[in-house]
Amino acid sequence: MISSDSIVVMQADWEEQIRNAWADGGFVFEDNFLDTIWEMSITAFDIPREVQVVVDGKMNLFISAGDPGFVWFKEPPMGMTLPIECWIHTHPFGKAYFSSTDWNTIRTWEPVMKYAIVLGGNESMEWIKGEDHTVFYQKCEIPNWAGEEE
Ligand SMILES: [Zn+2]
């Protein structure tokens, strides 16, 4: 689903690519599934767009894309089975953190949601129900120290 008619799709199969990547399963940062969601967010549309994927209680995917800050599932999508296994969305500007809107979504859905991930390219943040802290991942270059050994 796309939030607005004014969004131009450059890769017609963007949803299918995400569904195919889901065959590999898993919510691990930099694995194929999350990587593909990020890649579609950056390359599938006229400009980088927010992509959201809800994995429901039956491991079915509900995929949407839209304008920045767009939160798709204020209303539960038709056919979605609770509890939600994982809510994933991208911040195409490249910073992974839960915005106040995101926290409102998590607070609203927390009784029936286990896991939330926000992707920012080289970064990822995860919220897991019942945990006291979110977890932040950042991909950094390892310094090339080989040249310093003289
Ligand atoms: Zn967000």
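In the predicted model, T81 is located in the loop that runs between β2 and β3. T81 has 12 other C-beta atoms within 10 Å, and a residue with 12 or fewer is classed as exposed, so T81 is exposed. Although T81 and G57 are separated by 24 residues in sequence, their C-alpha atoms are 5.1 Å apart in space. When neighbours within four places in sequence are left aside, the contacts of T81 are D56, G57 and K58.

The loop between β2 and β3 also contains P83. The peptide bond that joins L82 and P83 is cis, with omega at about 0 degrees.

For E30, phi is about 80 degrees, and E30 is not a glycine. This residue is placed in the loop between α1 (14–22) and α2 (32–43). E30 counts as exposed because it has 11 C-beta neighbours inside 10 Å. For M59, phi is about 65 degrees, and M59 is likewise not a glycine. M59 belongs to the loop between β1 (50–55) and β2. With 11 C-beta neighbours inside 10 Å, M59 counts as exposed.

The strands are described next. Six strands form an open sheet in the order β2-β1-β3-β4-β5-β6, and their pairing is mixed.

The helices α1 and α2 are in contact with each other. Their axes come within 8 Å and cross at roughly 170 degrees. An angle over 145 degrees counts as roughly antiparallel, and α1 and α2 are therefore roughly antiparallel to each other. On the side of α1, the contact is made by W14, Q17, I18, A21 and W22. On the side of α2, the residues are N32, F33, T36, I37 and M40. By class, the contact has seven nonpolar, three polar and no charged residues.

In soluble globular proteins, nonpolar side chains tend to be buried together. The largest nonpolar core of the model has 28 residues. Those with the most contacts inside this core are L34, I37, V53, I88 and L119. Two or more residues are given to the core by each of α1, α2, β1, β2, β3, β4 and β5 (123–128). The largest share, five residues, comes from α2.

Not counting residues up to four places away in sequence, I37 touches I18, V51, V53, I88, T90 and L119.

How values were computed. Residues are numbered from 1 along each chain as its sequence is written. This is a predicted model: local features need pLDDT of at least 70, side-chain atom pairs count only at pLDDT 80 or more; totals for chains, interfaces and linings use all residues. Two strands pair if DSSP finds at least two bridges between them. Helices (H or I, at least four residues) and strands (E, at least two) are DSSP runs, numbered from the N terminus. A residue is buried if 20 or more other C-beta atoms lie within 10 Å of its own, exposed if 12 or fewer, and partly exposed in between; C-beta atoms are placed from the backbone. A nonpolar core is a set of buried Ala, Val, Leu, Ile, Met, Phe, Trp, Tyr and Cys residues joined through C-beta atoms within 7 Å. Two residues are in contact if their C-beta atoms, placed from the backbone, lie within 7 Å. Axes are lines fitted to C-alpha atoms, for helices over the stretch in contact, and angles run from 0 to 180 degrees between N-to-C directions. Angles under 35 degrees count as roughly parallel, over 145 as roughly antiparallel, 65 to 115 as roughly perpendicular and the rest as oblique. Ala, Val, Leu, Ile, Met, Phe, Trp, Tyr, Cys and Pro count as nonpolar, Asp, Glu, Lys and Arg as charged, and the others, Gly among them, as polar.
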